[in-house]
Amino acid sequence: DGESVHGDAFDGRKARHVGILALQVYVPKRVVRMDELERYDNVTEGKYTRGLEQNAMAFCGDREDVHSMSLTVLKQLMELHRVPPDAIGRLEVGTESSLDRSKSVKTTLMSALCQDGAEVEGLDCVNACYGGTQALMNTVAWMESSLWTPGKLGVVVCADIALYSPSAARATGGAGAIAI
């Protein structure tokens with residue numbers, strides 16, 4: 001509805017109502033239909049569509065990666081929910097994907113937040129399926145702690161690209177990102 005998310009989330013002294021105020025989802029436009037993948041993998045009809053209850057699996061093209069998906073979903077969250085960059089005090093990323101194993105996704109996302117002298121705490125939680133959960137739990141703990149900066153919001157971005165070679169795991173791959 002475009003309503004600003006930081007109305008009564010804090011009272012100037014401590015965080016109140018710590019929880020999820022807004023969530024934005026990004027899924028790449030490229031998909032493979034799971035019934036086609038069943039035929040291609042020569043598995044029993046319905047193994048992916050009924051067994052995993054999947055109709056399609058999103059994947060990235062050559063012009064998209066975990067950094068671009070994360071930037072897109074963060075920008076969408078900030079624009080749609082009117083979150084100004086200076087309202088964010090913590091930015092934490094959960095992923096198991098990286099571009100080159102050296103530059104964190106959070107470093108890339110800071111380009112969307114950077115202002116002169118901006119101080120935004122946070123890091124990348126790199127850990128398979130648990131990275132996003134840990135990033136969210138860390139951010140909630142920050143908001144409930146004495147380290148929280150009064151009046152600041154915590155943002156969590158979870159993004160991943162899971163690619164598997166031909167195997168039983170391939171149907172559980174895919175790509176996407178969320179910002180909370």
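This note sets out points on the fold, core, salt bridges and surface of a predicted model.

1. Basis of the values. The model is predicted, and local features need pLDDT of at least 70, side-chain atom pairs count only at pLDDT 80 or more, and totals for chains, interfaces and linings use all residues. Residues are numbered from 1 along each chain as its sequence is written, while side-chain values use heavy atoms, with hydrogens and water left out.

2. Secondary structure. The chain has four helices and seven strands. Both kinds of element are DSSP runs numbered from the N terminus, helices being H or I with at least four residues and strands being E with at least two. Read from the N terminus, the order of elements is β-β-α-β-α-β-α-β-α-β-β.

3. Overall dimensions and contacts. Taken along the principal axes, the C-alpha atoms fill a box of roughly 60 × 30 × 25 Å. Contacts are defined by heavy atoms within 4.5 Å. Among contacts in the chain with a separation of 6 or more, 71% are accounted for by residues 24 or more positions apart.

4. Burial and accessible surface. Of the 180 residues of the chain, 39% count as buried. With a 1.4 Å probe and protein chains only, buried means under 20% relative accessible area, exposed means over 50%, and partly exposed lies in between. The chain exposes about 10400 Å², of which carbon and sulfur atoms supply 51%. Accessible areas come from the Shrake-Rupley method with a 1.4 Å probe; for residues, only the protein chains shown count as cover.

5. The largest nonpolar core. Such a core is a set of buried Ala, Val, Leu, Ile, Met, Phe, Trp, Tyr and Cys residues joined through side-chain atoms within 4.5 Å. The largest one has 26 residues, and Ile88, Leu91, Leu109, Leu113, Val155 and Val157 touch the most other members. At least two residues of this core come from each of α2 (66–80), β4 (88–95), α3, β6 (153–162) and β7 (174–179). Helix α2 gives the most to this core, with six residues.

6. Leu113 lies in helix α3 (residues 105–113). Leu113 counts as buried because its relative accessible area is 1%. Not counting residues up to four places away in sequence, Leu113 touches Met78, Pro85, Ile88, Leu91, Ala118 and Val120. With neighbours within four places set aside, Ile88 is in contact with Met78, Val83, Leu113, Glu119, Val120, Lys152, Leu153 and Val155. As for distances along the chain, Leu113 and Thr133 are 20 residues apart in sequence and 23 Å apart in space, C-alpha to C-alpha.

7. The Asp41–Arg170 pair. The structure holds seven salt bridges, each a side-chain nitrogen of Lys or Arg within 4 Å of a carboxyl oxygen of Asp or Glu. Asp41 forms one with Arg170, and the closest N and O atoms are 2.2 Å apart. This pair links distant parts of the chain, with Asp41 in helix α1 (residues 34–41) and Arg170 in the loop between β6 and β7, 129 residues apart. Asp41 is buried, with a relative accessible area of 18%, and Arg170 is buried at 17%. The two side chains also make a polar contact (2.2 Å). A polar contact is a pair of N or O atoms within 3.5 Å; within protein, one must be able to donate a hydrogen and the other to accept it, and residues adjacent in sequence count only if both atoms are side-chain atoms. Beyond its neighbours within four places in sequence, Arg170 is in contact with Leu37, Tyr40, Asp41, Met57, Tyr164 and Ser165.

8. Other salt bridges. Arg90 forms a salt bridge with Glu92, the closest N and O atoms lying 2.5 Å apart, and both residues are buried. In the bridge between Arg33 and Glu36, the closest N and O atoms are 3.8 Å apart. Arg33 is partly exposed at 43% relative accessibility, and Glu36 is partly exposed at 38% relative accessible area. Salt bridges link Arg33, Asp35 and Glu36 in a network.

9. A nonpolar surface patch. Ile20, Leu23, Val25 and Val27 form a nonpolar patch on the surface, with about 350 Å² of accessible area together. Patches are made of residues with over 30% relative accessible area and no salt bridge, where like charges are joined within 9 Å and nonpolar side chains (Val, Leu, Ile, Met, Phe, Trp, Tyr) within 5 Å. Val25 is placed in strand β1 (residues 24–26). Val25 counts as partly exposed because its relative accessible area is 47%.
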